[in-house]
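Please keep the sequence and the structure in view while reading.

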Amino acid sequence: MPDPLIPLREDEITFTAIRAQGAGGQNVNKVSSAVHLRYDIHASSLPDEVKARLLGLRDQRITDEGVVVIKAQTQRSQEQNRADAIARLQALVDSVAKAATPRKPTRPTRASQRRRLQGKAARSEVKQLRGRVAGND
């Protein structure tokens, strides 16, 4: 895993052990190996601009109160699920760590404008030919 752009503090993350869903036989019913990770964005030590970008994301893992909830249950052990949840939270924070470069508007080329207008003219002609046929009466 590459170095994080903004390292997260462990004391700001809370974990809750839960039972994993899905198939697994008897073991899944008696072992709480899945993990819920909770990370409060407002109370975190992240820079304010990163907090704003994180809260601006339209991500289903972020609640209306600004808490990131990540459920990790793919691994068999709780420690591996904790590490997986932390890695996914770190990836989420790293995705908004750098500000997106503003889009530089570009203009269409003259050739693409010509092709567009030729296509419109051809379509217009097809539609014109669909009208009533005028007879020589």
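The points below concern a predicted model and are grouped by topic.

- In soluble globular proteins, nonpolar side chains tend to be buried together.
- The largest nonpolar core of this model has 19 residues, and the members that touch the most others are L37, Y39, L46, L54, V68, L89 and V93.
- Two or more core residues are given by each of β2 (34-40), α2 (48-56), β3 (67-72) and α3 (78-95).
- The helix α3 supplies four residues, the largest share of this core.

**The surroundings of Y39**
- Leaving aside neighbours within four places in sequence, Y39 is in contact with L8, E12, I13, S44, L46, G66, V67, V68 and L89.
- Among these contacts of Y39, L46, V68 and L89 are also named with Y39 as residues that touch the most other core members.

- In α2, the buried residues are V50, K51 and L54.
- These residues lie on the same side of α2 because they cover an arc of only 100° around the axis.
- An α-helix has 3.6 residues a turn, so residues three or four places apart point the same way.
- The cover over the buried residues of α2 includes α3.
- The exposed residues D48 and G56 are carried on the face of α2 that is turned away from its buried side.

**Aromatic rings**
- The structure contains zero aromatic pairs.
- The ring of F15 has R82 over its face, at 4.0 Å from the ring centre.

Methods
Residues are numbered from 1 along each chain as its sequence is written. This is a predicted model: local features need pLDDT of at least 70, side-chain atom pairs count only at pLDDT 80 or more; totals for chains, interfaces and linings use all residues. Side-chain values use heavy atoms; hydrogens and water are left out. Rings of Phe, Tyr and Trp (its six-membered ring) pair if their centres lie within 6.5 Å; planes under 30 degrees apart count as stacked, over 60 as edge-to-face and the rest as tilted. A charge sits over a ring if NZ of Lys or CZ of Arg is within 6 Å of the ring centre and within 35 degrees of the ring normal. A nonpolar core is a set of buried Ala, Val, Leu, Ile, Met, Phe, Trp, Tyr and Cys residues joined through side-chain atoms within 4.5 Å. Buried means under 20% relative accessible area, exposed over 50%, partly exposed in between (1.4 Å probe, protein chains only). Contact means heavy atoms within 4.5 Å. The arc is that of the directions from the helix axis to the C-beta atoms.
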